[in-house]
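Have the structure open and follow along.

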Amino acid sequence: MASVRAMKPGVRQVWDRTRAVDAQHPEALDSLLALAIFAGAAISGAAGGGDRSADGTFFLLLAVGSLPYAMRRRAPLTVLVVASLPVLALIGLGYTSAVVGSGLFLAAYTVAAWRTPRCLAAAVGWVTVMLASVAVARPSALPPGELLTNAALFVGAFGLGRSTRVRHANSALLKERAELAERARSEAARLAVSEERLRIAQELHDVIGHSLGVIALQAQVGAHVIDADPAEAKAALVAVSSTSRTALTEIRRILGAMHDAAAESYHPAPGLASVRDLAAELTGAGLPVEVRTVGTPEPVPTALDVTAYRLVQEALTNVAKHAGRTQATVTVRYEPGALGLEILDDGPTDRSPTRHAASPSANASPGHGQLGMRERVAVWGGSLETGPRPEGGYAVRATLPFGEGR
């Protein structure tokens, strides 16, 4: 028993090498198989057996019956038919056919494993005719017991080959499904990355747009008072510097969240709690902003909290860009299952990108900022209204539902 266990790794190694050769050079392995069948049949015939001893005719028939196995997988049905004819001749002439005849079982297996059911049916029919012919023409060479044994072996070879074909088909199907699943996972990962990049781009747009709007407003104030009040102009430049540094810090935070190395220093995106800080920043820059809260504040989803802040930020950025020296009011309204936002100002009513053109159009397309706001609101199935106020100024009103019934 110990010696058998010691040989197992060697046998396994030989088997693995054989499978590797079979996968890379199947025709070479089939040629070796044909040579092995010929050599085994020749040795068996030389040792005696059958009614006639081995002679030139015997070896010629062996060669004709063995060579087709070199094409076993390329044309298995043809190999079965061609290889069986010399076997029938050997049986009819009284030579032994033990080894070369056993090769027919391998040919039958190959037909079932590599060919269609129609070829399999043809092979079964041929084997049936062959066995019946031997049983009728020379019953002494194939007694009833041996006939049944050979028939059973052929049935087993066909069945084993068919099960191998089904197993290979199932393996190919599983492999295809695995590849499809892998492609689906890759596509999902790619979409997730695209969505994350889009979110980051939106965040960068909000930060940069707001900061540049504030900087532009402060620069305008500084340029206006630099001659009359240098101190106020200096304060405006200091505010420009502070706003720039704040914007750069937030941009680095947003981009840093994309890298694992910066994940520990990531800070949550601002929410409604930061609206008053935003208002104070703009007020210090020359745009007075008043913040009002209506209703009882209640917790809202984190993503909606960020969306609300970005909407307010974008609306106030547009005020700073287009309204000049004016004032604004931000109203945050808590309703059952929804959050309402209202940003009002008393500046010019035309907020289109072409308002400074010679002939402004009342139907001009909104800028990217308003498009971004509409996309954010649409995610929550809410509503957004923007436009001039009857009493003067501009209004942005948004409703963001987050309750179960939204």
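Phe58, Phe59 and Tyr95 are joined into a cluster by ring pairs. Keep in mind that this is a predicted model. The structure holds 3 aromatic pairs. In one of them, Phe58 and Phe59 have ring centres 5.3 Å apart and planes at 70°, so the pair is edge-to-face; the cut-off for that label is an angle over 60 degrees.

| Residue | Relative accessible area | Class |
|---|---|---|
| Phe58 | 1% | buried |
| Phe59 | 32% | partly exposed |
| Arg310 | 1% | buried |

Now to the helices. Arg310 sits in helix α10, which covers residues 302-322. Between Arg310 and Val275 there are 35 residues of sequence separation, yet their C-alpha atoms are 9.4 Å apart in space. Val275 belongs to α9, and together with Leu278 and Leu282 it meets Tyr309, Val312, Gln313 and Leu316 of α10. The residues of this contact divide into 6 nonpolar, 1 polar and no charged.

How are the two helices arranged? Helix α9 (residues 275-284) packs against α10 at an angle of about 15°, and the axes are 10 Å apart. Angles under 35 degrees count as roughly parallel, so α9 and α10 are roughly parallel to each other. Their crossing is right-handed.

How values were computed:
Residues numbered from 1 in each chain as written. Predicted model: local features only at pLDDT ≥ 70, side-chain atom pairs only at ≥ 80, totals over all residues. Heavy atoms only, no water. Helix = DSSP H or I, 4+ residues; strand = E, 2+ residues; numbered from the N terminus. Buried < 20%, exposed > 50% of the residue type's maximum accessible area, 1.4 Å probe, protein only. Axes fitted to C-alpha atoms, helices over the stretch in contact; angles between N-to-C directions. Parallel < 35°, antiparallel > 145°, perpendicular 65-115°, else oblique. Left-handed = near helix turned anticlockwise from the far one by under 90°. Contact = heavy atoms within 4.5 Å. Nonpolar A, V, L, I, M, F, W, Y, C, P; charged D, E, K, R; others polar. Phe/Tyr/Trp six-rings, centres within 6.5 Å; stacked < 30°, edge-to-face > 60°.
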